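Dear colleague,

Please find below the structure that I am handing over to you.

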Amino acid sequence: MAERRFGVGYALAPKKQASFIQATLVNLASERGIDLIRIDMDKPLIEQGPFDCVLHKLYGEDWRLQLKEFSLQNPQALIIDSPESIEQLHNRISMLQVATELEIKCETASFGIPKQTVVYDAKIVSASYLESEGLKFPVIAKPLVADGSAKSHKMLLVFNKDGLTKLKPPIVLQEFVNHGAVIFKVYVVGDYVKCVKRKSLPDVTEENLGKLESYLSFSQVSNLNTCEKNDDKYYKLMNLDDAELPPLSFLTDIARGLRRATKLHLFNFDLIRDNRVGNRYLIIDINYFPGYAKMPNYESVMTDFFWDVLNQNDKGFESLQKVSCEKEVRMLVGNKGYGEDEGTLPVSPLKREEKENTIQV
């Protein structure tokens with residue numbers, strides 16, 4: 001009997017396709033009986049295939065309708081992942097709100113999210129406003145919409161009230177927490193969890209805060225250490241090997257909880273260690289279908305994942321244990337429920353919430 005082969009159609013933007021669809025991945029998958037097939041975006045999806053699975057990272061109403069039609073005609077085909085599940089990560093408030101719903105038990109570590117507030121009206125932003133929301137300088141300013149566009153990546157580190165005048169709502173203002181200039185990127189591929197260390201924003205001391213300009217874009221991070229003649233010296237002195245990884249079991253429980261809450265198979269989340277409390281971690285970002293090619297041994301990880309879902313070996317969401325986050329989230333909507341900028345995704349108004357009880361997990 002001929003070997004059963006599976007077809008995985010992939011629909012990715014050119015840049016994502018170039019980085020992810022490497023020959024090493026295609027060949028390894030083929031050896032396991034899995035054919036990776038490019039979906040032609042110039043033709044209707046319903047006219048292509050047959051596909052046992054559709055892997056995608058495309059947005060827009062047309063693509064959503066194509067997926068819906070394809071699913072109706074091919075109910076046995078898997079869609080990784082549903083547009084509805086992905087969409088919750090396009091809003092930086094709903095993105096992290098998911099994390100506050102998790103409950104896990106860990107005697108050696110706790111986790112939460114930074115304090116944050118969402119603003120739609122620039123007129124209400126002031127130093128006194130920040131103080132009333134439990135925030136203080138420096139703060140990170142991020143676009144509310146996180147859709148992967150260049151605009152959504154324009155972030156600022158704001159050091160004083162002068163920097164607040166540069167903000168263009170709708171934005172999320174998030175507390176900046178010193179974290180030793182190390183960020184932990186946790187990749188999730190189905191049941192697989194991998195954590196890697198990356199260099200991050202340098203710590204900001206009270207002494208340096210008064211010497212800094214009004215704001216700094218993240219592309220200018222190396223300029224933070226103004227006392228150094230060589231902007232890169234700060235990073236050259238850093239040794240990522242000295243940064244201890246969070247416990248893997250702790251990360252796995254968080255990953256499983258996020259997977260269950262979001263109903264996503266492919267994502268990563270960024271974690272920092274709060275310098276004020278060494279065993280406390282903060283989730284600061286969640287991204288759908290990240291740059292897996294940067295992950296060690298990604299070809300075998302992805303091939304194993306395809307094999308498991310296609311052969312229904314993936315454990316699914318039912319087996320995921322309940323996983324708790326410190327309920328430390330502060331959210332506020334300005335006087336408008338929708339952003340005025342063209343191209344922003346509509347965001348329903350969120351009622352104000354203040355939950356600051358700390359739960360050791």
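The notes below concern salt bridges and one further arginine.

Please bear in mind that this is a predicted model. The structure holds 10 salt bridges, and three of them are described here.

Lysine 185 pairs with aspartate 270, with 2.9 Å between the closest N and O atoms. This pair links distant parts of the chain, since lysine 185 sits in strand E10 (residues 182-189) and aspartate 270 in strand E13 (residues 266-273), 85 residues apart. Both lysine 185 and aspartate 270 are buried.

A second salt bridge joins glutamate 84 and arginine 64, at 3.1 Å from N to O. Glutamate 84 belongs to helix H4 (residues 83-87) and arginine 64 to helix H3 (residues 61-73), so the bridge ties together parts that are 20 residues apart in sequence. Arginine 64 is partly exposed, at 23% relative accessibility. Salt bridges with shared partners connect Glu61, Arg64, Glu84 and Glu87 in one network.

Aspartate 52 and arginine 4 form a further salt bridge, their closest N and O atoms being 3.3 Å apart. Because aspartate 52 lies in the loop between strands E2 (34-38) and E3 (53-57), and arginine 4 in the segment before strand E1 (6-12), the pair ties together parts 48 residues apart in sequence. Aspartate 52 is partly exposed, with a relative accessible area of 23%; arginine 4 is also partly exposed, at 48%.

Finally, arginine 259 is located in helix H10 (residues 248-262). Its relative accessibility is 1%, so arginine 259 counts as buried. A polar atom of the arginine 259 side chain lies 3.5 Å from the backbone oxygen of glycine 190.

Yours sincerely

Conventions. Residues numbered from 1 in each chain as written. Predicted model: local features only at pLDDT ≥ 70, side-chain atom pairs only at ≥ 80, totals over all residues. Heavy atoms only, no water. Helix = DSSP H or I, 4+ residues; strand = E, 2+ residues; numbered from the N terminus. Buried < 20%, exposed > 50% of the residue type's maximum accessible area, 1.4 Å probe, protein only. Polar contact = N/O pair within 3.5 Å; in protein donor to acceptor, adjacent residues only side chain to side chain. Salt bridge = Lys/Arg side-chain N within 4 Å of Asp/Glu carboxyl O.
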